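This briefing covers a helix pair and some details of the backbone. Please look at the sequence and the structure first.

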Amino acid sequence: MDGYNRDVDLKPMDAEQFREHAHKMVDFIADYYKTIENFPVLSQVQPGYLRNMLPDSAPNHPESLDDIFNDVQAKILPGVTHWQSPNYFAYYPSNSSIAGFLGEMLSAGLNIVGFSWITSPAATELEMIVLDWLAKLLKLPDEFLSAGQGGGVIQGTASEAVLVVLLAARDKVLRRLSKNALEKIVVYASDQTHSAVQKACQIAGIHPENCRLLKTEFSTDYALSPDILCEAIAHDVAIGLVPFFLCATVGTTSSTAVDPLLALGKIAKSNGMWFHVDAAYAGSACICPEYRQYIDGVEEADSFNMNAHKWFLTNFDCSALWVKDRTALVQSLSTNPEFLKNKASQANMVVDYKDWQIPLGRRFRSLKLWMVLRLYGIENLQCYIRNHIKLAEHFEGLVAQDPRFEVVTPRIFSLVCFRLLPPRNNEDNDKKLNNDLLEAINSTGKIFISHTVLSGKYILRFAIGAPLTEERHVTAAWKVLQDEASVLLGRL
């Protein structure tokens with residue numbers, strides 16, 4: 001190859017060299033998983049720690065893989081927060097699995113850039129098929145299947161999913177009104193909705209004052225009230241504004257609140273609004289018949305999203321989005337430069353996923369989901385979800401048995417929201433007490449949890465979902481929480 005230094009040991013690609021080095025990498029990763037519990041779950045390094053440990057510039061000459069492994073062990077892993085640790089209980093899970101890893105490996109090996117059907121027909125067609133499989137598993141309406149006017153597409157994250165459907169909804173309403181009506185159109189969601197909706201509004205040019213984040217209450221378990229939505233819409237219509245987009249959530253980030261989809265969907269429909277359902281976390285649970293009820297009313301939705309990379313054993317990133325009307329997406333996101341024109345696309349015989357997303361290029365992500373569904377099967381995936389929910393029930397029971405703590409919101413899935421109660425003579429100390437407990441727990445390195453604020457109260461979140469987590473890890477985590485709480489309360 002011209003310009004290539006032939007004295008270098010490692011070629012850009014060589015089947016036997018790849019086999020040798022990839023075996024070493026698999027061994028390294030397998031050893032990491034065997035010893036993952038030895039690491040502090042939350043990285044304990046200080047900002048900027050890595051700058052002094054690595055050279056100022058890239059090497060002029062090749063270095064060995066063994067040297068790099070040594071650096072990963074000594075310099076990189078201390079700066080990693082171990083999301084796959086069985087003692088990781090923060091935010092929401094980000095699942096990794098053998099099947100997901102193998103799919104990721106195959107995707108990297110083929111390394112296609114599947115922006116249109118012609119660039120790799122299998123990439124487009126497998127994505128359509130596996131998202132139909134998943135839609136049927138979730139019992140989504142037939143309108144979301146690829147055989148009709150809708151279909152599924154893999155986005156990178158739920159943030160990208162809500163952005164593309166917001167853009168589609170925006171352009172749809174502006175075609176009906178006029179391009180100058182941008183300042184009049186209004187988005188609705190609850191104050192528990194993921195901040196991705198606010199970011200999508202910023203990107204889409206929705207005026208900040210027209211992004212309505214409606215207040216939720218403890219009395220409704222922080223779900224969006226249809227009455228409050230109706231009041232907000234009536235007020236906006238009365239002053240000449242145009243409601244056009246409603247985002248409901250199944251499993252909010254703070255507390256897994258579930259918005260009433262059926263009632264909200266009917267309100268959206270009667271007002272000509274696009275209705276999007278964000279089930280990024282809890283959607284995975286709805287493959288179990290006993291949890292499917294939480295997306296009842298999805299038939300009213302125009303779009304539905306769940307993250308297979310959260311709780312469905314599919315390595316990041318893999319966010320599944322379904323729409324009932326693919327034309328709305330394509331009209332907003334399509335470009336057709338000369339250099340991308342081809343017979344199949346021009347004849348409208350195929351789906352070109354470049355027109356369903358923000359970027360042009362896209363990876364062969366459906367391989368991961370395909371492998372997860374095939375190597376585990378539906379029954380094992382359902383058992384996997386149920387086990388985490390059972391572990392959360394166990395943790396909830398432990399919290400309820402200790403009068404120093406309280407469970408703050410009803411547990412639905414595998415998240416428990418709780419707090420340490422301040423002594424009666426020190427109730428103003430509530431936020432500081434629970435923040436200090438959080439900091440103390442996480443600085444031990446034994447477990448990692450995160451927090452939220454609900455109705456002004458500082459709440460601790462315990463989210464179970466790492467593939468390696470067992471009951472013994474949950475029980476040990478509770479012991480850490482109790483011990484640190486005893487220390488803090490002893491100082492008051």
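In which crossing, left-handed or right-handed, does H12 pass H14? The crossing of H12 with H14 is right-handed; a crossing is left-handed if the near helix is turned anticlockwise from the far one by less than a right angle, and right-handed if clockwise. The model is predicted, with local features needing pLDDT of at least 70 and side-chain atom pairs counted only at pLDDT 80 or more, while totals for chains, interfaces and linings use all residues. Residues are numbered from 1 along each chain as its sequence is written, and side-chain values use heavy atoms, leaving out hydrogens and water.

**Helix pair**

- Helix H12 spans residues 366-401 and helix H14 residues 471-491; they pack at an angle of about 25 degrees, their axes 10 Å apart.
- H12 is therefore roughly parallel to H14 (angles under 35 degrees count as such).
- On the H12 side, Leu391, His394, Phe395, Leu398 and Val399 meet Glu471, Val474, Thr475, Trp478 and Leu481 of H14 (contact means heavy atoms within 4.5 Å).
- Seven nonpolar, two polar and one charged residue make up this contact of H12 with H14.

**Loop between H9 and E7**

- A cis peptide bond, with omega about 10 degrees, joins Phe316 and Asp317.
- Asp317 lies in the loop between helix H9 (308-311) and strand E7 (319-323).
- Leu313, in the loop between H9 and E7, has a positive phi of about 60 degrees although it is not a glycine.
- Leu313 counts as buried because its relative accessibility is 7% (buried means under 20% relative accessible area, with a 1.4 Å probe and protein chains only).

**Loop between E4 and H8**

- Thr256 is not a glycine, yet has a positive phi of about 60 degrees.
- Thr256 is placed in the loop between strand E4 (242-249) and helix H8 (261-270).
- At 0% relative accessibility, Thr256 is buried.

Conventions. Axes fitted to C-alpha atoms, helices over the stretch in contact; angles between N-to-C directions. Helix = DSSP H or I, 4+ residues; strand = E, 2+ residues; numbered from the N terminus. Parallel < 35°, antiparallel > 145°, perpendicular 65-115°, else oblique. Nonpolar A, V, L, I, M, F, W, Y, C, P; charged D, E, K, R; others polar. Buried < 20%, exposed > 50% of the residue type's maximum accessible area, 1.4 Å probe, protein only.
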